[in-house]
Amino acid sequence: MTSDPTLELRGVEKSFGPVHVLSSVNFTANAGEVTALVGDNGAGKSTLVKCIGGIHGIDAGEMIFDGTPRTVSGPREAALLGVEIVYQDLALADNLDIVQNMFLGREEVTRLRTLDENSMEKLARHALDTLSVRTVRSVRQRVASLSGGQRQTVAIAKSVLWQSKIVILDEPTAALGVVQTEQVLELVRRLAEQGVAVILVSHNMNDVMKVSDSIGVLFLGRMADQVRRKDVTQTQVVELMTAGRSGDLGLSREESTGAVV
Amino acid sequence: MSAQTDDLVKQDQPGPDAPSEGLGALGAYIKDYFGRVRGGELGSIPALVGLVVITAVFSLVHQGFLSAYNLEALVIQAAPIIVMAMGLVFVLLLGEIDLSAGTTGGLCSAITAVLILRHGASWWLALIVGLVVGMLIGFGMGWLRARIGIPSFVITLATFLAFQGVTLILIGGQGSVILPDNSPLIKLENSFVPLWLGWVLLALFVVGYAAIKVNDALGRRRSGLSRPPFTVIAAKVVVLAVIGAVFTYEMGVNRNLSTNAFFSNKAQGMPWVVVLLVILFAVWNFVLTRTRYGRHVYAVGGNDEASRRAGVVVSRIRISVFVICSGMAAVSGMIAASLLQSVQSNAGAGNTLLLAVGAAVIGGTSLFGGHGRIIDAVLGGLVVAVIINGMSDLIQGANSAGYEWVVTGAVLLIAAGFDAVVRRSRA
């Protein structure tokens, strides 16, 4: 590795009261790569994402952004560090158009403090062009009239607009059909090509094997292993997810049975 | 995977080299417009069609419905409804309701009247106190909604009743407070803009509208974005100018039938309240469509969770719309007091609020939040005023008031049903 990873987690711990949700999790995400984060229900994916996004504070461990350790104490600080989370339920306002949604909360204004619609429209169009999005007819159509895939596109394009360094996609294809899933996955690749560190949270093994460069597998709150995509098969990843280990990969036999080490 | 997956949906947005003028552009604009209408974005069409149809019906069955005299009556009747509806649009945009807007207006006008008559306050001071009380009421209700979390329906139902009581106590056993004849407050609804000034204001209004539209279009062209063809802008300006000129001309007709060689006090020109309406429209339309605040009002109405995640302070927006609504209700109360030249002990009670909510909904503002414009209040208010005015001419006799109420209720219900159906088609 020639340069520092965009995001590196070292020994991250998180408990909610007596419940130990994350224990000494290590995880890295590199610029220009898609890093998948997989794990069974309750493995701690959402908690880890929320820790990176500043919604939960971490109890112990380090979060290193571009080689510099930082403490992230809120969503706003995470946003300043370039972290953008695209949630499963998308968080778009149906009654607003694409431009209005992409700039919501960060509207451009003119010198007279009025909305600068023209520059916002241009920037929104440019962000979509950067991702070679041609599925969106007009950036002035209301989000209510868009399909699920198009809505996902808008949400992802928002992160390009804000030049986010780390984009976390929470189950982006969960509610989509076959064609739209293909389109969104293609978009995920293009986002990474822009030099963004993309973290893809997903259940769907097909998606993960198709687009990711690196796969981090959570098992009962531990990082079972983070492996390069080209070194593993789907079966190995599924074993890591369900048993915590697969051959030489993953946790030791004692750790994977849940014994306290 | 290849880029061709993206082409499954064809791009049909005109490229930068598509014609922006001439028949092609006009055709594209019209096609786009009808596309949006089919998509459930009806805009002002239902209100305009309704306004034309019922006006035509009433003018057929009732001679003199469109006379200058009746037109003036229509305008001054519509004014308090329109102003209250403008405030309600903000509350409705958030999917909330203010059932107390009517009685808030009544209470504020009672406070103003009592200050002038019993405490000798100057009219402008009394007016300001009335307005401030209105905004404080709005702040209180908005705070209860946003911070405590009581449904706005319940809060405003409670204040609807309570403010009626306060007004009753303030006015006392007399039943009404008569405003002094020379009060400038009365002039709003009962005296008229000089003819020359009326035409000057109309010219300013039309030129201002045209300047804004042309400036917007030029700005979009400078930025290399698609813009409406100039023919469309020109057509809109001409229609506005013609309607304005017809109105100003008809308002210029002398309505004082007793004018003769000895009595020369003429009643001609548009009522001053028209100028106030235009100013209020321009201000609130600007706030809703061209400021960050307005954008956030729409966003919170559409999806408050998304707005919160985007960094909008939702509670502040929620409180502010109640402040605007109650403030506008106070203005509406003052206009109603000016119309009646007095404040009754039941001011703002009865169907005052229902008419205003009906106006906003008929105009096209949704009761479910997220959809609505200030023009809705104006067009809807005119529809409601035409219905009330026409009905009162049509139905005479002891039960006429009863029929009026029934018809008003039915119109509100139909408008709300229409809103619900359109909303479903849009989803």
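Author: Start with helix H1 (residues 45-52) of chain A, which lies across S1 and S2 of chain A and runs at about 65 degrees to S2(A). Helices (H or I, at least four residues) and strands (E, at least two) are DSSP runs, numbered from the N terminus. Axes are lines fitted to C-alpha atoms, for helices over the stretch in contact, and angles run from 0 to 180 degrees between N-to-C directions. This is a predicted model: local features need pLDDT of at least 70, side-chain atom pairs count only at pLDDT 80 or more, and totals for chains, interfaces and linings use all residues. Residues are numbered from 1 along each chain as its sequence is written, while chains are lettered from A and ligands numbered from 1 in the order in which they are written.

Reader: Why is A:Ser46 called partly exposed?

Author: A residue is buried if 20 or more other C-beta atoms, placed from the backbone, lie within 10 Å of its own, exposed if 12 or fewer, and partly exposed in between. A:Ser46 has 19 other C-beta atoms within 10 Å, so it counts as partly exposed. A:Ser46 is found in helix H1 of chain A.

Reader: What makes S1 and S2 of chain A a pair?

Author: Two strands pair if DSSP finds at least two bridges between them. Strand S1 (residues 7-16) and S2 of chain A have seven bridges, in the antiparallel sense.

Reader: Which strands form the open sheet, and in what order?

Author: The order is S2-S1-S4-S5 in chain A, with antiparallel pairing. Strand S2 (19-29) and strand S5 (68-70) are the edge strands, as each pairs on one side only. From one strand to the next, the twist averages 30 degrees.

Reader: How do you know that S7 of chain A is largely enclosed?

Author: Count its residues. Five of the five residues of strand S7 (residues 166-170) are buried, so the rest of the structure largely encloses it. Both faces are covered: A:Ile166, A:Ile168 and A:Asp170 are buried on one side, A:Val167 and A:Leu169 on the other.

Reader: Which strands run parallel to S7(A)?

Author: Strand S6 (residues 83-86) pairs with S7(A) in the parallel sense over four bridges. There, A:Ile85 has A:Ile168 as its bridge partner. Strand S8 (residues 197-201) is joined to S7(A) by five bridges and also runs parallel. A:Leu169 is bridged to A:Leu200 in S8(A).

Reader: How many residues of chain A are in contact with chain B?

Author: Two residues are in contact if their C-beta atoms, placed from the backbone, lie within 7 Å. By that test, 30 residues of chain A are in contact with 35 residues of chain B. On the chain A side, helix H4 (117-130) and helix H6 (178-193) each give two or more residues. H6(A) gives the most, with five residues.

Reader: Why is chain B called as compact as a globular protein of its length?

Author: The radius of gyration is taken over C-alpha atoms, and the globule rule is 2.2 Å times the number of residues to the power 0.38. Chain B has a radius of gyration of 23 Å, close to the 22 Å that the rule gives for 427 residues, so it is as compact as a globular protein of that length. Its secondary structure comes to 16 helices and two strands. Of the 427 residues of chain B, 38% count as buried.

Reader: What divides chain B into domains?

Author: The bounds come from an automatic or database domain assignment. Domain 1 of chain B is 44-190 + 272-419, and domain 2 is 192-256 + 264-270. Their C-alpha centres lie 25 Å apart. Eight residues of domain 1 are in contact with eight residues of domain 2.

Reader: Is B:Thr103 buried or exposed?

Author: B:Thr103 has 30 C-beta neighbours inside 10 Å, so it counts as buried. B:Thr103 lies in helix H4 (residues 101-119) of chain B. Leaving aside neighbours within four places in sequence, its contacts include B:Phe160, B:Phe163 and B:Gly348.
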